[in-house]
Amino acid sequence: MCIRDRSTWGLLKPLFGIKMEGKKIDRKRIVTKDISEAILCKICLEVLDDPVECSECNSDYCRDCIKIWRARNPTCPNRCASNILQKPHKLVFSMLNALEISCKYTELGCSTVCTIDLIEKHEKECPFQEKTCAFTENGCKFKSLAKDINQHQEVCEFAKIKCDKGCDQLIIKKEFAGHSCIELLSTILASEKKRLKEIEEKVQSMRLGCNTISFVHFGVTCGGCKDTNISGITYRCRTCENCNLCEICYKNAKHQHSMTKVEPTVFETKVTECKIIPVSYTHLRAHETSLHLVCRLLLEKK
């Protein structure tokens, strides 16, 4: 059933949870004298906002109104069997766009009247809207109409001006009389020294972390001492298969074939508690997949 009694709807609005404030147009602001019922929502009886139309009865509703209605009723207010909503006839939009609305800052002195499609743009630039001073962050609490705010900001005592005594710093106008270039520059210097010290401590911490890095050839076993996961430099036999020696065994024992020196190079890292652990080429090969191939040129000496 379509609700046409505005007083009845005033009682039912809280029940449906519909809030009229915000997007809805206040009837008092509409200058157009004769408002056609064709552009009124059949639920809230206000001017249509983002209108949609029932495909069966061709009644128009605000999109939010019919959405809330359908959350509790399967059909439209006219009990239509169809629940399909469609775009209203273009005549509805033409009538809506032809409505003339007064600016919402009329009480502050604005006399502008615009069509509904232009009113939003005007209100964003309206010289009668209330503005706060641009120097609010510096402590200014002045508020005025937009058309008068520039005049205030030109003489605002919280505006910043550039010091012409030598420091070239921006100083709040009301504090300029007691400004001392030496004191200000001393404060800035102390702050920069503190910041530099923090950076140096961070760099030193990173250096200490790098000094603890251990280059490990994971999965590689020394053929001499049988130690697994050889640290440091390893030597690989050019003839024997899977024959590797750690640096100590290479120096103390002589292998019958020539060997290739494998430098510990960082090809992959593991981050654990901000510590970087480099791994060897052999370790990368052990985790190689068809999607993640390891470049064979990594072993070539530069």
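This tour moves through the structure stop by stop, naming what to select and what is there.

**Before you start**

The model is predicted, so local features need pLDDT of at least 70, side-chain atom pairs count only at pLDDT 80 or more, and totals for chains, interfaces and linings use all residues. Residues are numbered from 1 along each chain as its sequence is written, and side-chain values use heavy atoms, with hydrogens and water left out.

Helices (H or I, at least four residues) and strands (E, at least two) are DSSP runs, numbered from the N terminus.

**Stop 1: the sheet around β1**

Select residues 51–54, strand β1. Two strands pair if DSSP finds at least two bridges between them.

Now look at the pairings. β1 and β2 are joined by three bridges in the antiparallel sense. V52 stands opposite Y61 in β2. On the other pairing, β1 and β3 share two bridges, also antiparallel. Here E53 has Q86 of β3 as its bridge partner.

Follow the chain from β1 into β2. Their hairpin has five residues between the strands, and N58 takes a positive phi near 60°.

Are the residues of β1 buried or exposed? P51 and E53 on one side are buried, as are V52 and C54 on the other, so both faces are covered. Buried means under 20% relative accessible area, exposed over 50%, and partly exposed in between (1.4 Å probe, protein chains only).

**Stop 2**

Axes are lines fitted to C-alpha atoms, for helices over the stretch in contact, and angles run from 0 to 180 degrees between N-to-C directions. Contact means heavy atoms within 4.5 Å.

Next, pick C41, I43, V47, Y61, I66 and L96. They have the most contacts inside the largest nonpolar core, which has 22 residues. The elements giving two or more residues to this core are β1, β2, α2 and α3 (90–97). α2 gives the most, with three residues. A nonpolar core is a set of buried Ala, Val, Leu, Ile, Met, Phe, Trp, Tyr and Cys residues joined through side-chain atoms within 4.5 Å.

Apart from this core lies another, of eleven residues, including I230, C237, C243 and M259.

**Stop 2: helix α5**

Select residues 146–155 for helix α5, and show A146, I149 and H152, its buried residues. Why are they on the same side of α5? They cover an arc of only 90° around the axis, which puts them there. The arc is that of the directions from the helix axis to the C-beta atoms. An α-helix has 3.6 residues a turn, so residues three or four places apart point the same way.

Show β6 (130–132) and β7 (143–145): both are among what covers these buried residues. Then turn to the face of α5 away from its buried side, which carries the exposed residues Q151, E154 and V155.

**Stop 3: the sheet around β12**

Select β12 (residues 234–237), with β13 (244–246) and β14 (259–262). The three form an open, antiparallel sheet in the order β13-β12-β14. β13 and β14 are its edge strands, each pairing on one side only. From one strand to the next, the twist averages 25°.

Four bridges join β12 to β14. C237 stands opposite M259 in β14.

Zoom in on T234, in strand β12. At 1% relative accessibility, T234 counts as buried. What does T234 touch, not counting residues up to four places away in sequence? H217, L245, T260, K261 and V262. V220 is 14 residues from T234 in sequence, and 9.0 Å in space, C-alpha to C-alpha.

Select Y235 in β12 and Y250 in helix α7 (residues 247–252), 15 residues apart. A search of the whole structure finds one aromatic pair. The ring centres of Y235 and Y250 are 3.7 Å apart and the planes stand at 5°, so the pair is stacked. Rings of Phe, Tyr and Trp (its six-membered ring) pair if their centres lie within 6.5 Å; planes under 30 degrees apart count as stacked, over 60 as edge-to-face and the rest as tilted.

Y235 counts as buried, at 9% relative accessibility. Y250 is partly exposed, with a relative accessible area of 35%.
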